[in-house]
Structure formats: structure tokens, C-alpha cells
Amino acid sequence: MTRTIGALLAAGISRRFGAEDKLLAPFRGRPLATHAAHALLAVPVDERVAVISSPALRPLLADYEIVEVAPGCQQSDSLRAAIDHAEAVGAELLLIVLADMPRVPPSLMRQVLEHAAADRPASAWAGNHGAPPVCLPASMFDELRALDGDRGAGSLLRGAPEVVRVPCMPHLLADIDTPEDLARLQ
């Protein structure tokens, strides 16, 4: 049986959001980060890990193994922390979910997971745009670890012929970067 880790990346800097931690900002009655976190709880993975930089998120993620990274880390640092954890526990697949994407339903996460395999990643896809959730095989971990800056797996997956593109509606892939994004999606 394939060992799979579900990783919630929740350690971003939120520069465009202002002084407030966007992941703690209220969205539809509860903190933004809890939407993606609760959705991932409904996905059949062997373990769930949350990569965080703010200790204030800890109490919201009681069902997750916590991996803490330094405040101000880049997206590639968060991804690397999730990969390191997945590799340490012998995972063959790593399902990545972003905490600032509150509309991604468990059903889409499950579809992405179901289409991934040891020799191929899978990603949500709307039109010509791929985005998390994405499921990455262990065979890509070294290549992903080499990413730097504010880049995630998308830079490697764009144009890769072996990626399974799981179609979805574009509104499901909306992420929140600014207070205006948050207000618009409310």
C-alpha cells in the first residue's frame, strides 16, 4: 500500500495582506486557515502535517503533526519542510494543500490523490492554469528540494507531459493574497 502524507502549507509571509496574519483572518465565520485544514481532514491519507511559522496557528490544527519553520520563510522553504517530513516517514506520495485556498473541496483533493502515482504527479487544473492541490511522488522530492525563493511545485509541473491534470472549476482554485481578495470571496 502506498504511504501518503497530506501537507497543509501555512507558513507564508502574507506581505500583500498587511500587518494582520491572513491565515487567522475571519472568513465565513472562522479563521481562513481552518477551511483548507478541515477539507484535508476528509481525505484518506496516512498522516497530515501542517507547515507553519506562526505559533498562533497551532491550536487551530490539533489534528495535524506540526512542522514549524522560521517566520519570513519563502514558499520553497515550506515545500522543502513538507518534503523533508514526508521523506523522513517513508511517504511515497505527498499531497500539498495551501492554507490560503479556502474553496478547494475534499472531493478535488481526493481526485488529485487518486490520479497520482509513483511515476507521475497530479494537479488541479482549470483552463490553462494548474494549482494546488497537487500530489507529488517521492521520485520528484530531490528536484523539488532544489527550488528556491517564492516558488512552489508549479514551476516544475508546468508543461511536464507526465502530469495528470484534474479538471475543476476556476473558482475552486481562488487563493487569498490581499484583504480585497478576502472580501471578494466572502
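Modeller: Let's begin with the surface. Accessible areas come from the Shrake-Rupley method with a 1.4 Å probe. Here, in what is a predicted model, the accessible surface of the protein comes to about 8,400 Å², and carbon and sulfur atoms hold 52% of that surface.

Colleague: What percentage of the 186 residues count as buried?

Modeller: A residue is buried when its relative accessible area is under 20%. In this protein, 52% of the 186 residues fall in that class.

Colleague: How many helices and strands does the protein have?

Modeller: There are six helices and nine strands. As for contacts with a separation of 6 or more, 70% of them join residues 24 or more positions apart.

Colleague: Why is helix H1 described as largely enclosed by the rest of the structure?

Modeller: An α-helix has 3.6 residues a turn, so residues three or four places apart point the same way. In H1, residues 32-41, eight of the ten residues are buried, so the helix is largely enclosed by the rest of the structure. Among the buried ones are Leu-32, His-35, Ala-36 and Leu-40.

Colleague: Which elements do the buried residues of H1 pack against?

Modeller: They pack against strands S1, S2, S3, S4 and S6, and also against helix H3.

Colleague: And Ser-53: is this residue buried or exposed?

Modeller: Ser-53 sits in the loop between S4 and S5. Its relative accessibility is 12%, so Ser-53 counts as buried. The Ser-53 side chain also reaches the backbone oxygen of Ala-11, at 3.3 Å.

How values were computed: Residues are numbered from 1 along each chain as its sequence is written. This is a predicted model: local features need pLDDT of at least 70, side-chain atom pairs count only at pLDDT 80 or more; totals for chains, interfaces and linings use all residues. Side-chain values use heavy atoms; hydrogens and water are left out. Buried means under 20% relative accessible area, exposed over 50%, partly exposed in between (1.4 Å probe, protein chains only). Helices (H or I, at least four residues) and strands (E, at least two) are DSSP runs, numbered from the N terminus. Contact means heavy atoms within 4.5 Å. A polar contact is a pair of N or O atoms within 3.5 Å; within protein, one must be able to donate a hydrogen and the other to accept it, and residues adjacent in sequence count only if both atoms are side-chain atoms.
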